Each structure stands twice: as structure tokens, then as C-alpha cells.
Amino acid sequence: MRAVVTKAKGVMELADVPAPGEPGPGEVLVRPQAVGICGSDFHFLLAEIGPEDGSQFPRIQGHEVGATVESVGPDCTRGLSPGDSVALHPLSYCGHCYPCRIGRTNVCDNFSLIGIHTDGGLQERIRVPVSQVFPIVSEQPAVAALAEPVSIAVRSIHRSGISEGERVVILGAGPIGQAVHLLARERGATTLLVDRVQSRLDFGATNGAEALVWEDRDQVVGACREWSGGEGPPLVFDATGAPDPIRAAVDMAASAGRVVVVGMSGEEVPLRIGTFTEKEIDMLGVSCCGSDEFGEAVSFVERNREPLERLISRRFPLEEAPEAVGYAMENPSEVMKVVITSS
């Protein structure tokens, strides 16, 4: 069967690979129909994720997957049938480490992600545990694939302790920031999206967000404090992973406020220690989501198909996956979400 294989750092090629066998007990064989591309795919392709010796390659990438069930193995308990539309939760966990023992399996010390640690969705068929296969009501596989990025926003909202009526600043208006906005609005919050790219702010405004163009850190801190009534916003999300916005989030947050960091990077951020002791802010990190949160994301996608589908900037067929990833990496200001489809 066809697959797109990342063979080495920066090298992604269409190839013929062996097809998976029939599903065993507790397994499902699915046919990926759409795979979303995100920043972690770029990091993996550039060998910024994984061992320095390159032993993570070769790998079939793709962890944002909308698929169709092809066959179901014995002992599958979710009532799945061939032809069902599904979204794949990419994470599996060990069940034994400290995070698993306290119920936070999403940050398992030994977690595994399809498309990173095991082969992912950029292939014609993939066999996965039934626990990672979620039925979804969606005629558009590309929309079903958005369940995974939405699940990160769901986890962010859960971590934040958001309350109805709160004024919430979201730094970064890419797909995760937009999803955080939609979820926050559904919970009765008022949101301000901040980004350098006007088109992303315009997109958020069509879905009910207020908007602020990032010019520099001091300007954003002052404007966000004024927008929230002068005390600073009680809740700030960073969806950039960049040092300046994270510093801005800490500086602008109200005393006793919360800062939730969901943007991923390897950058370091200089922070004034006194800010934490004087304002007693809570700073919370976000990783992947748990199984229940993925189910919540699936339901949210089903309820919000139209605004989420508009996140998709461009679609490429499987055989053009290398070009699709290159396009997304080279056009960050123009691209919200690139999706690779099976045809």
C-alpha cells in the first residue's frame, strides 16, 4: 500500500510499504481519509523531536486523523462497524508511572503517540487499539481530523478553571488559539485574540472574538490590562510557545490570575520571580488530552462543523504530502490548517 515515509531529517517521500494484517482482539483497522498537519509535524521532520542519533526514523507521520473503519477485531466494545466515520486519539499510556497512577494519563512518562513513536495516518490503512478510535458524525473527514487539535484546546480549558463572564486573553490566533476561543465562548467567557497576523484576527472576529494586533510586548500588556478593566485579565492563554508572548502573559495577568501555556517550543523565557510571589498567579502547562477529553472534543466538532471547517486553508492528496508539509512550513502567515486527503 502507499504511505508517506519520513526517512531521515528533512526527507519525506511517497513509498510502498507492507499493508497491516487483519485486526486482532481489541483492534480496529481503519482507512485514513484526512490527516491534518501541525507544528509538531514540522518539529519531527526537522529532527527537533526525538533522539539526537536519528533513530526515530523512518516513521510514517500523521496524528490528526479522520478515518473510515474497514474491519473490526474481536472483543471491540464500542459498537463500531465497517464504514463508520471515526477520529483517532493518538495517545496511549503505560498505566504504571506516577502520572498514570494519579489519573493523569495524558502526561504518562512512557506515553506513545501515533505519528511520532509509532506509524501514523499518512498511509492507506492503519491498525489501532479500539480505545483510540472514536465514532464521529461528520460527512467531512477533514473536519473529523480536527478533533485532535480541538482536544488540546479542551484540555487547555479544563486546566484553566474558566468561569462564565471572565474576560480571557488568548495570545496566538492559530488553530489552537481559535479553538480555545470557541470553547471559551461556549462557556460564557469574553475573549480577546492577540496575533501579529491580521487575517487570523479577522477570522476570529467572524466567530465572535475581539482582536488586538501584536506590535510589541509593552503595547500588548497595556492594551490587555485596559481591555480587562485595568486590573489585568484573570485568565491568559499562550498558544504561541514564544518567549515574548509568555512574558507578556505573566506581566498582564491579574493578581491571583492564571496563565495557561499550550504553545510548544524549546525556547527559554526570562521571568521576574517577584511577579509570582507578589501576584500569586498560577502558571499551568498543557500537554495532550485524556480519553474523556478527546470524546468531548469529538462532540464539540460535531456541534461546530461550520466554523471549524473554515480553519482548513488548503487540501493536498496523499501523493503530494511532502509538498503539503513544505507549503505549510513556508507560508505560516497564510496557512491556518493544511489537510492531506486520501485522494
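## Cores, helix pairs and salt bridges in a predicted model

Ser156 is buried, with a relative accessible area of 0%. This is a predicted model. The residue belongs to helix H4. Its side chain has a polar atom 2.9 Å from the backbone oxygen of Ile152. Leaving aside residues up to four places away in sequence, Ser156 touches Val180, Phe237, Val260, Val262 and Val286. Ile273 is another matter: its C-alpha atom is 24 Å from that of Ser156, and 117 residues separate the two along the chain.

**The cores**

The largest nonpolar core has 46 residues, and Val150, Phe237 and Leu308 have the most contacts inside it. H4 gives the most, with 6 residues.

Val150 touches Ala179, Leu183, Ala297, Phe300, Val301 and Leu308, not counting residues up to four places away in sequence.

**Two helix pairs**

Two packed helices are described by the angle between their axes and the distance between the axes. For H4 and H10, the axes come within 8 Å and cross at roughly 115 degrees. That crossing is right-handed. On the H4 side, the residues in contact are Ala147, Glu148, Val150, Ser151, Val154, Arg155 and His158. H10 meets them with Glu293, Phe294, Glu296, Ala297, Val298, Phe300 and Val301.

The axes of H7 and H8 come within 9 Å, crossing at roughly 35 degrees. Here too the crossing is right-handed. Arg217, Val220, Val221, Cys224 and Arg225 in H7 meet Asp244, Arg247, Ala248, Asp251 and Met252 in H8.

**Salt bridges**

The structure holds 18 salt bridges. The table gives some of them.

| Pair | N to O distance |
|---|---|
| Lys7 and Glu13 | 3.1 Å |
| Arg59 and Asp119 | 2.9 Å |
| Asp244 and Arg217 | 3.2 Å |

What does the pair of Asp244 and Arg217 link? Distant parts of the chain: Asp244 sits in helix H8 (residues 243-252) and Arg217 in helix H7 (residues 217-227), 27 residues apart. Asp244 is partly exposed, with a relative accessible area of 34%. Arg217 is partly exposed as well, at 25%. Elsewhere, salt bridges that share partners join Arg305, Glu306, Glu309 and Arg315 into one network.

Arg59 and Asp119 meet through their side chains in a salt bridge. Arg59 lies in the loop between helix H1 (39-45) and strand E4 (64-72), and Asp119 in the loop between E7 and strand E8 (126-129), so the pair ties together parts that are 60 residues apart in sequence. Is Arg59 buried or exposed? At 15% relative accessibility, Arg59 counts as buried, because the cut-off for buried is under 20%. Asp119 is partly exposed, with a relative accessible area of 32%.

Lys7 and Glu13 form a salt bridge. Lys7 is partly exposed, at 40% relative accessible area. Glu13 counts as partly exposed too, at 35%.

**Two loop residues**

Asn106 is found in the loop between helix H2 (98-101) and strand E7 (112-113). At 6% relative accessibility, Asn106 counts as buried. A polar atom of the Asn106 side chain lies 2.8 Å from the backbone oxygen of Cys288. Beyond residues up to four places away in sequence, Asn106 touches Leu91, Arg155, Ser287, Cys288, Cys289 and Gly290. One of these, Arg155, also belongs to the H4 residues that meet H10.

Val137 lies in the loop between strand E9 (133-135) and H3. This residue is exposed, with a relative accessible area of 69%. The C-alpha atoms of Val137 and His63 are separated by 19 Å, and the two residues are 74 apart along the chain.

Note on methods:
Residues are numbered from 1 along each chain as its sequence is written. This is a predicted model: local features need pLDDT of at least 70, side-chain atom pairs count only at pLDDT 80 or more; totals for chains, interfaces and linings use all residues. Side-chain values use heavy atoms; hydrogens and water are left out. Helices (H or I, at least four residues) and strands (E, at least two) are DSSP runs, numbered from the N terminus. Buried means under 20% relative accessible area, exposed over 50%, partly exposed in between (1.4 Å probe, protein chains only). A polar contact is a pair of N or O atoms within 3.5 Å; within protein, one must be able to donate a hydrogen and the other to accept it, and residues adjacent in sequence count only if both atoms are side-chain atoms. Contact means heavy atoms within 4.5 Å. A nonpolar core is a set of buried Ala, Val, Leu, Ile, Met, Phe, Trp, Tyr and Cys residues joined through side-chain atoms within 4.5 Å. A salt bridge is a side-chain nitrogen of Lys or Arg within 4 Å of a carboxyl oxygen of Asp or Glu. Axes are lines fitted to C-alpha atoms, for helices over the stretch in contact, and angles run from 0 to 180 degrees between N-to-C directions. A crossing is left-handed if the near helix is turned anticlockwise from the far one by less than a right angle, and right-handed if clockwise.
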